[in-house]
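The stops below are given in the order in which they may be selected.

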Amino acid sequence: MPSLPFRLAAPVNALGALLCTAALAATLASAPVRADIRVGIDVSTTGPAASIGIPSKNTVLMWPQTLGGQKAHYIVLDDGSDPSAAVRNVRKFITEEKVDVIVGPNITPTALAALDAVAEGETPMVALAASASIIEPQTDAKRRWAFKMPQNDSQMATVLTEYMSNNGVRTVGFISFNDAYGESWWREFSRLAEVRKLQVVANERFSRNDTSVTGQVLKLMATNPDAILIAGAGTPSVLPQKTLGERGYKGKVFQTHGIATWEFLRMGGRDVEGTLFPTGPVVVARQLPDSHPVKKVAVDFVTRYEAKFGPNTVTQFAGDAWGAWQLLDDAAGRALKTGAQPGTKEFRHAMRAALETTTNLTVPNGVLNLSPKDHQGFDQRSRVMGVIRGGKFAYAGDK
């Protein structure tokens, strides 16, 4: 019986991680030449980030069985939303599975934790997490192996603050995760808010695992802001908004592109109706104007995904995962032309070089133009404003 192109591997334990580290150099040096391109995929399908990781995994299971015209083999691991587990998985991919490239992790803390391992293993990683800190600064040697699919927070904060300014918002209360994602959003939002003459009147934090944020919400409301921005991702972002509603907040509520999951809508219900948020084009693909340069590719992916998982199931993260396959497919074809063979250090280096010379590649969430100085590659075509209307994600326009 022929082997399947996908394998859901068992996570490596702590002892295995130590052995992996010790054996890294020897295993890489002795890796055999193969015919297939091996890809390790680390996503959070359990834990607080499961609502983000599950759509990503669903999309990975739709990937074609080839990359660059060559047979591909995919190994999928769950990190449980835990940075330590993500690092163990990445080391397992490199030392045991001998992958040519890694996709994921899909949240900022786990992706940052994986940087040392991919640099040691000289294996390119295409993260599915948002923060620019994963790939910047490119002068950092370990980050030269890191790429990522989601838009930088600065791109999303730009369209968000422009929308606020154009729609009468003058004072904003801010509350975010107390981790790297939240800090990245605070850095980008506060900088752009100053440019747009938006006054940030409160700055609070909460944990992805918190069960109450009443204290933080009361402090936000005491400043009477025109709007509140919740900088979180996935279902944990529902809690502050529900609490705001329970406490009678009547101003506008904004969230980030990290909420674009159907689990967020299910858990939020009426409490999240009217929420405004920046998002990738794929989330509202069918409502985009026909002139939008990404619409055709985005709608094509939405049609494929919904045929398998049902109507109204596409998320930002599903679109990113499909874009990751397109990126690898494009890069693999060029890497193979160098004569380097999968399973070798030379091929991993060729893949890294090919990834950072990607040009005008349209994926469901934008158009990619990567370079040695930019390992993300999106421009303004990668984001629009969305709104939750009638329990669904809808296009709000950009102004």
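Select Thr 214, Val 217 and Met 221 in α8, which meet Pro 240, Thr 243 and Leu 244 in α9; contact here means heavy atoms within 4.5 Å. The residues of this contact of α8 with α9 comprise four nonpolar, two polar and no charged. In this classification Ala, Val, Leu, Ile, Met, Phe, Trp, Tyr, Cys and Pro are nonpolar, Asp, Glu, Lys and Arg are charged, and the others, Gly among them, are polar. This is a predicted model, in which local features need pLDDT of at least 70 and side-chain atom pairs count only at pLDDT 80 or more, while totals for chains, interfaces and linings use all residues. Residues are numbered from 1 along each chain as its sequence is written, and side-chain values use heavy atoms, leaving out hydrogens and water.

The axes of α8 (residues 214–222) and α9 (residues 238–246) come within 10 Å and cross at roughly 60°. That makes α8 oblique to α9 (under 35 degrees is roughly parallel, over 145 roughly antiparallel, 65 to 115 roughly perpendicular, and the rest oblique).

The contact is made by Val 297, Phe 301, Arg 304 and Tyr 305 of α11 with Ala 318, Gly 319, Trp 322 and Gln 326 of α12. By class, the contact of α11 with α12 has five nonpolar, two polar and one charged residues.

Then select the loop between β5 and α4, where Pro 105 lies. A cis peptide bond joins Gly 104 and Pro 105, with omega about -10°. Asn 106 is in the loop between β5 (101–103) and α4 (108–113). Is Asn 106 buried or exposed? At 3% relative accessibility, Asn 106 counts as buried (buried is under 20% relative accessible area, exposed over 50%, partly exposed in between, with a 1.4 Å probe and protein chains only). The side chain of Asn 106 reaches the backbone nitrogen of Ser 44 at 2.7 Å.

Finish with Asn 224, in the loop between α8 and β10 (227–231). Asn 224 has a positive phi of about 50° although it is not a glycine, and is exposed, with a relative accessible area of 64%.

Methods: Axes are lines fitted to C-alpha atoms, for helices over the stretch in contact, and angles run from 0 to 180 degrees between N-to-C directions. Helices (H or I, at least four residues) and strands (E, at least two) are DSSP runs, numbered from the N terminus. A polar contact is a pair of N or O atoms within 3.5 Å; within protein, one must be able to donate a hydrogen and the other to accept it, and residues adjacent in sequence count only if both atoms are side-chain atoms.
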